[in-house]
Amino acid sequence: MATANRRRRIPSPPSTASLSRNPTVATDPPPYFLPELIPEVAKRLTSLQDFFALRAACRAYRALLPLAASNLASQAPLLLVPCDDSESHALLHLPLRRIHRFRLPRTSRAGAEDVVTEVHTLGCRVAISKRYYSRLPKRDLTIVHLLTGERIYLPSPPRDFFRILLSSDLVVAWKYDHIIYCRVGGPKWRVASISSSNYLQHLILVKDTLYAVVDSGQRVAAIELPDDDDNNNNNKNGLKCTYLGTGFDTQEHGTRVFSLAECRGELLLVISKINEGFHVLQWQSEEGKWVRITNLGGCTLFFAGSYFSGYLGPDHPGIRGDCIYETGSKLRFVLSLIDRSLDGDATCSLRVEPYRWPPLWIFPSMC
């Protein structure tokens with residue numbers, strides 16, 4: 001009897017009739033967005049954390065939101081900064097003042113006393129270069145996608161370099177009078193040189209064309225890399241240069257910095273003068289001359305030191321248009337093309353080491 005009583009006290013499940021009489025249960029919409037609306041929702045997200053949370057909701061959403069530039073176009077650049085130790089870093093979201101700590105992928109087992117690490121930004125990727133004191137001139141070079149973790153291992157570079165550029169599968173690095181380059185998956189690097197009187201000051205890839213500021217006369221040249229294997233380390237004329245325009249006004253006194261940039265596929269030259277501001281020139285290929293411009297059509301340029309990192313289109317929340325964002329001794333300062341103002345911003349109180357290597361810009365939209 002006791003068993004029977006216990007069974008009678010077990011509540012029976014609610015009937016379907018009682019559910020149908022509840023207007024809230026009957027009319028509430030499903031607790032998710034319709035699949036066809038997911039890409040539109042993603043275009044309005046300005047935080048990577050929110051974007052990945054949306055992707056993680058279900059398999060259908062993840063399939064609809066691949067890591068593509070179109071889905072990440074609304075994401076603002078992040079600042080990659082080193083923190084308290086050599087392995088710890090942070091990604092700073094400037095408009096939201098949000099901090100994400102993480103560790104760069106390890107690319108070697110060597111101890112810290114044996115290796116010097118350099119990091120170069122490549123849009124949404126970074127190139128991690130590790131140089132070993134005990135195995136000179138041995139150097140490991142790896143390109144890491146920060147969103148997917150994908151790694152590309154490159155052959156050990158045959159020469160030293162300042163910076164690395166990446167366009168499709170072409171990798172270009174340079175220093176002073178030489179350029180080294182290779183194809184992703186290729187067996188080796190190639191070396192091309194320029195005469196020692198024309199040091200390469202700054203390089204950029206725009207629409208798969210390589211441009212350089214040549215130190216002698218502050219001229220800009222389009223550079224054609226040799227396609228054959230005849231070039232070697234002793235070839236001093238391996239680079240073919242086509243100079244753009246007749247040069248710039250070099251009569252002004254003072255120290256100036258010449259930096260190449262890109263905006264919407266157009267080649268720009270930013271000339272800055274210490275304590276006296278800057279101006280921007282745009283190359284007019286049809287007219288064959290440089291023209292000074294006073295706005296970027298609402299776009300924004302980003303520099304790490306004097307090196308161009310990328311640009312954003314207009315109307316990004318928290319990002320000022322017609323400005324140049326540059327990292328320096330502070331994490332960020334902003335130069336306006338409209339009113340010529342300079343706005344410094346320490347951004348946050350993170351313990352960083354700006355002199356180990358400057359803060360770098362990471363662009364999720366360049367995925």
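**Close-up 1. Buried residues of helix α5.** In this predicted model, helix α5, which spans residues 48–55, has L48, F51, L54 and R55 among its residues as buried positions. Viewed down the axis of α5, these buried residues fall within an arc of 125°, and they therefore line one face of the helix. An α-helix has 3.6 residues a turn, so residues three or four places apart point the same way. At the start of α5, a side-chain oxygen of S47 comes to within 3.2 Å of the backbone nitrogen of Q49.

**Close-up 2. A nonpolar patch on the surface.** The residues F33, L34 and L37 form a nonpolar patch on the surface, and together they have about 270 Å² of accessible area. Of these residues, L37 is placed in the loop between α3 (23–27) and α4 (38–42), and with a relative accessible area of 41% L37 is partly exposed.

**Close-up 3. The salt bridge between D169 and R183.** Side chains of opposite charge can pair when their charged atoms come close. Here the side chains of D169 and R183 meet in a salt bridge, with an N to O distance of 2.9 Å. Because D169 lies in the loop between β8 (163–167) and β9 (170–175), whereas R183 belongs to strand β10 (residues 178–183), the pair ties together parts that are 14 residues apart in sequence. Both partners count as partly exposed, D169 at 34% relative accessibility and R183 at 47%.

**Close-up 4. The salt bridge between E287 and K289.** The side chains of E287 and K289 meet in a salt bridge, for which the N to O distance is 3.6 Å. The two partners fall into separate accessibility classes, since E287 counts as exposed at 54% relative accessibility, while K289, at 42%, counts as partly exposed.

**Close-up 5. A salt-bridge network of E40, K43 and R44.** Salt bridges that share partners join E40, K43 and R44 into one network.

Terms used
Residues numbered from 1 in each chain as written. Predicted model: local features only at pLDDT ≥ 70, side-chain atom pairs only at ≥ 80, totals over all residues. Heavy atoms only, no water. Patch = residues over 30% accessible without salt bridge, like charges linked within 9 Å, V, L, I, M, F, W, Y side chains within 5 Å. Areas by Shrake-Rupley, 256 points an atom, 1.4 Å probe, with all protein chains shown as cover. Salt bridge = Lys/Arg side-chain N within 4 Å of Asp/Glu carboxyl O. Helix = DSSP H or I, 4+ residues; strand = E, 2+ residues; numbered from the N terminus. Buried < 20%, exposed > 50% of the residue type's maximum accessible area, 1.4 Å probe, protein only. Arc of directions from axis to C-beta. Polar contact = N/O pair within 3.5 Å; in protein donor to acceptor, adjacent residues only side chain to side chain.
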